[in-house]
Amino acid sequence: MRFAGQCVELWHWQLAPGVTYEAEPDPPGSQEMLYIISGELVLTLDGLLRPLVTGTSIAFASDQPYRFHNPGPFMLRFSKNVLLAAE
């Protein structure tokens, strides 16, 4: 969906225990919001580890490298809203 020159996306993600996902930076000015449905997620952003658990959320600029990691023993489920800036 396009909104005011930006692309909006909604994703539902799952990561198995121990799995890590390395993300490439989005276009400058892009943002993401995560909501943890179940499990644990460690977001690495700016070299800092940001642990998130069920029921928590975070918003961040996604125009930089970042990483998702499931450190827990159970499946991680989360939603990811992306607001991609126009290139």
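Which side chain meets that of E22 in a salt bridge? I looked it up, and R67 is the partner, at 3.4 Å from N to O.

**Ground rules.** I noted that the model is predicted: local features need pLDDT of at least 70 and side-chain atom pairs pLDDT 80 or more, while totals for chains, interfaces and linings use all residues. Residues are numbered from 1 along each chain as its sequence is written, and side-chain values use heavy atoms, with hydrogens and water left out.

**Salt bridges.** I used this rule: a side-chain nitrogen of Lys or Arg lies within 4 Å of a carboxyl oxygen of Asp or Glu. My count came to two salt bridges. E22 sits in strand 3 and R67 in strand 8 (residues 66-69), so their pair ties together parts 45 residues apart in sequence. Strands here are DSSP runs of E, at least two residues long, numbered from the N terminus.

K80 pairs with E32, with the closest N and O atoms 3.6 Å apart. I found K80 in strand 9 (residues 76-84) and E32 in strand 4 (residues 31-38), 48 residues apart.

**Buried or exposed?** I took buried as under 20% relative accessible area, exposed as over 50% and partly exposed as in between, with a 1.4 Å probe and protein chains only. E22 is exposed at 53%, and R67 is partly exposed at 29%. K80 is buried at 7%, and E32 is buried at 3%.

I traced an open sheet of four strands in the order 3-8-5-6, with antiparallel pairing; two strands pair if DSSP finds at least two bridges between them. Strand 3 (20-23) and strand 6 (48-53) each have a single partner strand, so one side of each lacks a neighbour in the sheet. Six bridges join strand 5 (residues 40-45) to strand 6.
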